[in-house]
Amino acid sequence: MEIEGVRTDRLGLLLDQFDQAREMAQVRLTGLGDEEYLWEPVPGCWSIRRRSEAVTPRAFGPGEWLLDKGAPDIPSSEYAEVARQAAGGMPIDKIADDWGVSVERVEQVLAHTGTPEPDASPVTTIAWRLGHLHSCFAGQWEWTFGERRQEPDLLVDFTPSAALALERFWKLIDRWRADVGAVTDEQLDTVGFSQYPYSNDADYPFIAVLTGANIEFIHHMAEIAVLRDLWRARPSGR
């Protein structure tokens, strides 16, 4: 059955999902101010910080402001993904390289049984979530549609200005959406069409990469929406 205005082809479904998520996110981010953007709801949050004030060992960025990043590890929520990678035939050393951890750490994860312990992952600010998303999409665009040579960690000039961060982010998202919209069926099925180095994109057909990109966008925007709710409901003076 065909419904007017609804696409049912593979690319169309993913584009419609992305467009709807983007529209909802843009509405949800309306009115974001600098104080809320940088608000740390608990001590020890990850955020963006001046280079001279960086507190995490792998904080990155090309300019004055860096995005917090800690020591590499595999969160327990991703153990199943590691097992799936191994079951699919990916060598352990490639899995280790994919996650930025040691081979021994991958072996520990694969040997893990029972219910994983909850992660001690840091709480993050809206600035961090938005900066992380921006960095991911900038890297994926460069290594899919760009020259495939620029270091992903140096592609985004992070800023303490919420308005400027959003302006730059939506501009990138528009470019990503335009180029994805022109992808052919053959390219959708091409393994390695994306060569983004900080992922396993090169091992999958591009349609799977697009599915993952949509999920990344949706779940981080949902987290940002929750942070906005918490900001609005915070006790006075916090």
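## Pockets and a cavity in a predicted model

The largest pocket has a volume of about 2000 Å³. Its lining is made up of 50 residues, and those closest to the centre of the pocket are Glu 78, Trp 99, His 132, Tyr 198 and Glu 216. The structure is a predicted model.

Four helices each supply at least two residues to the lining of the largest pocket: helix 3 (79-87), helix 4 (92-99), helix 6 (126-142) and helix 9. Helix 9 gives the most, with 9 residues. By class, this lining has 21 nonpolar, 14 polar and 15 charged residues.

The second largest pocket has a volume of about 320 Å³. Of the 21 residues that line the second largest pocket, His 134, Ala 138, Leu 155, Val 156 and Arg 168 lie nearest its centre. Helix 6 and helix 7 each supply at least two residues of this lining, and helix 6 gives the most, with 7 residues.

The structure also holds 1 cavity of 30 Å³ or more. About 50 Å³ of space lies in the largest cavity. The residues that line the largest cavity are Leu 14, Leu 15, Phe 18, Trp 176, Arg 177, Val 180, Leu 210 and Asn 214. Two or more of the lining residues come from each of helix 1 (10-28), helix 7 (162-180) and helix 9 (206-233).

The table sets out the volumes and the classes of lining residues.

| Space | Volume | Lining by class |
|---|---|---|
| Largest pocket | about 2000 Å³ | 21 nonpolar, 14 polar, 15 charged residues |
| Second largest pocket | about 320 Å³ | 12 nonpolar, 4 polar, 5 charged residues |
| Largest cavity | about 50 Å³ | 6 nonpolar, 1 polar, 1 charged residues |

The chain as a whole has 9 helices and 2 strands. Along the sequence these follow the pattern α-α-β-β-α-α-α-α-α-α-α. The radius of gyration of the chain is 19 Å, close to the 18 Å that the globule rule gives for 238 residues, so the chain is as compact as a globular protein of that length. The C-alpha trace spans about 55 × 50 × 35 Å along its principal axes.

Of the 238 residues, 41% count as buried. Among contacts with a separation of 6 or more, 68% are between residues 24 or more positions apart. The accessible surface of the chain comes to about 12900 Å², and carbon and sulfur atoms account for 53% of that surface.

Methods
Residues numbered from 1 in each chain as written. Predicted model: local features only at pLDDT ≥ 70, side-chain atom pairs only at ≥ 80, totals over all residues. Heavy atoms only, no water. 1 Å grid on protein atoms, 1.4 Å probe; cavity = no way out; pocket = protein on both sides within 12 Å on 5 of 7 lines; lining within 4 Å. Points joined across faces, edges and corners; volume = space filled by probe spheres on them. Nonpolar A, V, L, I, M, F, W, Y, C, P; charged D, E, K, R; others polar. Rg over C-alpha atoms; globule rule 2.2 N^0.38 Å. Buried < 20%, exposed > 50% of the residue type's maximum accessible area, 1.4 Å probe, protein only. Contact = heavy atoms within 4.5 Å. Areas by Shrake-Rupley, 256 points an atom, 1.4 Å probe, with all protein chains shown as cover.
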